[in-house]
Amino acid sequence: MSGMKRRSLLAGAAGVLAAAPLARPWAQRPTTLRWWYHFDNPTSSPAALVAGFEKAHPDIKVQAESIPWGGGSDYDTRLYTSLIAGNAPDCVMVKFYNLPRLLEMEALEPLDARIAAWSDRADISDDLWKLHLASDGKRYYLPLLYVILYLYIRQDWLAEKGLKAPADFASFLDVAKALTGGDRWGFGLRGGPGGHDHWATFVLGGGAKLIKGGLVTPEALAANRWFIDLYRVHHVFPPSAPADGFVQTIANMKAGRTAMTIHHVGSANEIVAVLGDKITAVPVPRGPQGQGWTSFGDQSNAIFASSKNKEAAWQWITYLSTAQANATIAGLAGQLPVTTTAAKTWSAQPKRFIDASLASLPIAGLMPASPQTTDFTRTVWPQTTQKALLGQIPPDEMMRIFEKHFFG
Amino acid sequence: MKRLRLFLGTELPVLAILLFGLGPWVWMMLTSLRPSAELSQSPIRLIPGSLTLVNHITLLARTSFVENLRDSLIVACGAVVLGLALSLPAAYAFSRFRFPGRRVLRVQFLVVNMFPVVLLILPLFMLLRSFGLLDTYFALIMGHATFTLPFAIWLMTGYIDGLPVELDESAMVDGATQLQVLRLIVLPLAAPGAVAVGLYLFIASWNEYLFALMLAGRRVRTVTVALQMFIGENTIDWGLLTAGGTLVALPAVVLFLFAQKRLVGGLTGGAVKG
Amino acid sequence: MKARAATPWLLLAPALIATLLLVIGPVADTLWLSLHDVVLFRPRVQPFVGLANYLAALHDPAFWGGLWLSVVWVVVAVGLQFGLGLVAALLLNRQFWWRPLARALVIVPWALPSVIIGLVWTWMLDFNLGLVNELGMRLGLLSAPVAWLARPEYALGAVILAVTWQGFPFFCVTLLAGLQAIPRQLYEAAEMDGAGRLHCFRHVTLPGLMPVMATALLLRMIWVANSLDLILVMTGGGPGTATQTLPLYAFLKAWTGADYGYGSALAVMLTLLLLSVVIFYAVRSER
């Protein structure tokens, strides 16, 4: 029936997205604001935050909807479906990787003017502001929370062997080899979806660049070969590494089967609950020329262009990114607050993990703002890397596939 | 001797099948009863060192799991009723009538299940949105009942095919109408099939995730969506997940414990002679 | 049987209307989309490309690889589910005092959501902390733990094991219901002729069960061919592409890759393949 109808629906949805907001004729009635979020802890509820906001803004009601994360794909599928069908919420929690696709859909409301006029803007450091710039030079995201990936390491095992935490790749390999043996492995690699964070530390940190041709330079190929050799030659990852997700890498740390892995404060408390003082964190090791790379895990809010309540949405998302509420939501989400005020007294995780996060800020980066990034992190990276780890393709082939994926 | 033969030939193999069938579920239940520190112990302990109900208490008291169970129950029961109401007459028509286009129609119903649902969800979303049905019980009931129709119709047709036509005919000779035959003769005799199909409909709806995620989720949130909330971006709440996962199998099991009486006796030995 | 010509259509109408509205419509939409270059995040630019997506699939090694895996996946998984389900149904049709309980408990695997099944099996097959390796080592079946899901030669088997576990109760219950429809006199007559158990099974049980069995097999085949949730949870198609069946590939292309037109074309091709199997079946069964 509806081939044509469907196409016009799609086009119509885009039209709605681009259309100018309509003034609400019943402005005196409270505005209902739809906001989508996801927290890791299922018992965390933003109800107190909503209540606090509604008390200060009696004319706005916030309808907070928790959306299952589902490895990111459930959240995204709902997001894109609702956008295409013209049923999107007013504002959402989003990540940087969503930005290029949302931008192409013309789904986002630019926030530059509002940010410039926002009095609490200075409470968020410039380091964070500069990361969220879109490719067209505008800002569509308001920083909310963040994490920075660091290296977890068993300090008790280091002490036993008289070793120091590795600061560069060479010492990383030494430490990993020294701590591998029996049913214990030096490093727990995340070889499943999302594990590109680990790879990037060693390969982008080793000189590869995510620009055209940057993944197939001799330097880049060498760094990747070194990375694959960690598994194929030195056997410092557990045999299950190609299939391990974050659940397995964290569980292996807790169980004392791996000596190191890369993750962030989001898992600090659960690991400390098991390992106590035996576990610590340091910034990820740096490459031979002293350059380094670690993943910046962002969590921001954005307002959709289709929203009829943009001003109310702005009030709500700035509320969440302002000192007190920002600390509360960071606690609920198990991540770090973006405001300097909240960060100063932050103690939801032991200090050594926060220090390792902050010390990593200078080398923290994001995957490029390309529409290809989602497919890369969820499918192309794991499939290709697993093949290389299993010896089905040579490491150089792996890099050529990545180059082709990003730059054609 | 006879007892021993029954044990070796029947009860022991049944036990083996149950061991395979229940093993992972029991393992999950044991996991839900362990203190969280024990979950990451290596080597693993087969028998928990100590038992705790903290996960179950958190699940029932601090999450919306009970409401989600209610929503799932409403949706699944609705899907069973609607699914049987749609499929029984259709199966009867396919089984007892010969009409032009019958074969094409039967195969047409199968097409429903041939298409990967993940690629239908976008058009379905738009459709239900245009009817204003998003996030309602009705949307999920309709969706679940429709997408299980092929199973329901084909299986019911198979069961009704197995019922002797002579019964229908003798009733018609006695002056019963076609619909009376369906209601008075075929329905009672098809009860075992209806139980199997009903159970199928219930379980299919109970376990369905994609529709429940995409077409509902806020006002109506089923347990499958609720369980997914325990799998976060950076952590899986194994305690809550396994506690919920253990509980979620029980309604269907209890249902079948009672419904299975209808499995037997639908066709009594003497029925054909009549 | 004599009846007014309209009667079957009246009986079919509700089911037909529901299907047309909720299924055939969206399927037609997707069919139409498969002829376009649809990128999810470019809703305004969707040029008509004819059969280009289909031709691209024919030249895509991942399509052929996925197709082959799908065939293995369907044949092995449905075969195992059916075999185990049939044995279970025959056993649970016999008389023993705790039969009602056994019948109820056997459906537990089927009554669990796929995501739970996927996670529990992933956990049980875990290299370091999994029950399977632990038991295998204790019983002396394994000399060293195996990374089941990280080895291409085992991963598909591991996922098939999980889907067999999930699906055998379905066959058990449907076949159990089918067994009730076999008139008891047939057994009595066969026994009077001095037939043994095996003879009864071959000449009474199997023919009596045939219609339900064939239908259940056909429907399950279609269902298994399209199911991707267990694979998605357990391996995501990996390691490498060792478990990337055709529907999973279509899903990843359409949503993660945002290439909705291509994903739709893959889905249509899968449907056509299944349809040809079904038509073959329908033609044969009419004979």
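**Figure 1. Chain C is built from twelve helices and zero strands.** Helices here are DSSP runs of H or I with at least four residues, strands are E runs of at least two, and both get numbered from the N terminus. This is a predicted model, where local features need pLDDT of at least 70 and side-chain atom pairs count only at pLDDT 80 or more, while totals for chains, interfaces and linings use all residues. Residues are numbered from 1 along each chain as its sequence is written, and chains are lettered from A and ligands numbered from 1 in the order in which they are written. Along its principal axes, the C-alpha trace of chain C spans about 75 × 70 × 30 Å. Take the contacts in chain C between residues at least 6 apart in sequence, and 67% of them join residues at least 24 apart; a contact means C-beta atoms, placed from the backbone, within 7 Å.

**Figure 2. Chain B has 14 helices and zero strands.** Its C-alpha trace covers about 70 × 70 × 30 Å along the principal axes. Buried residues make up 53% of the 274 in chain B. For contacts in chain B with a separation of 6 or more, 79% come from residues 24 or more positions apart.

**Figure 3. Helix H6 of chain B, residues 137-147, is mostly covered.** Nine of the eleven residues in H6(B) are buried. Among them are B:Leu140, B:Ile141, B:Met142 and B:Phe147, and the buried set also includes B:Gly143, B:His144 and B:Thr146.

**Figure 4. Two domains are assigned in chain B.** Domain 1 is 1-52 and domain 2 is 58-266, with bounds from an automatic or database domain assignment. Taken over C-alpha atoms, their centres sit 30 Å apart. Each domain puts seven residues into the contact. On the domain 1 side, that's four nonpolar, three polar and no charged residues; Ala, Val, Leu, Ile, Met, Phe, Trp, Tyr, Cys and Pro count as nonpolar, Asp, Glu, Lys and Arg as charged, and the others, Gly among them, as polar.

**Figure 5. Chain C touches chain B, with 82 residues of chain C in contact with 83 of chain B.** Helix H1 of chain C (residues 6-33) gives the largest share of the chain C side, at 15 residues. By class, that side has 61 nonpolar, 14 polar and seven charged residues.

**Figure 6. Helix H7 of chain B (residues 149-162) meets helix H9 of chain C (residues 197-226).** The axes come within 9 Å and cross at roughly 170 degrees, so H7(B) is roughly antiparallel to H9(C). Axes are lines fitted to C-alpha atoms over the stretch in contact, with angles from 0 to 180 degrees between N-to-C directions; over 145 counts as roughly antiparallel, under 35 as roughly parallel, 65 to 115 as roughly perpendicular and the rest as oblique. Contact residues include B:Phe151, B:Trp154, B:Leu155 and B:Tyr159 from H7(B), and C:Val212, C:Thr215 and C:Leu219 from H9(C). By class, there are nine nonpolar, three polar and one charged.

**Figure 7. Chain A meets chain B through 29 residues of chain A and 28 of chain B.** Elements giving two or more residues to the chain A side include helix H1 (3-18), strand S2 (60-66) and helix H12 (268-275) of chain A. That side splits into eleven nonpolar, ten polar and eight charged residues.

Definitions and conventions: Buried ≥ 20, exposed ≤ 12 C-beta atoms within 10 Å, placed from the backbone. Contact = placed C-beta atoms within 7 Å.
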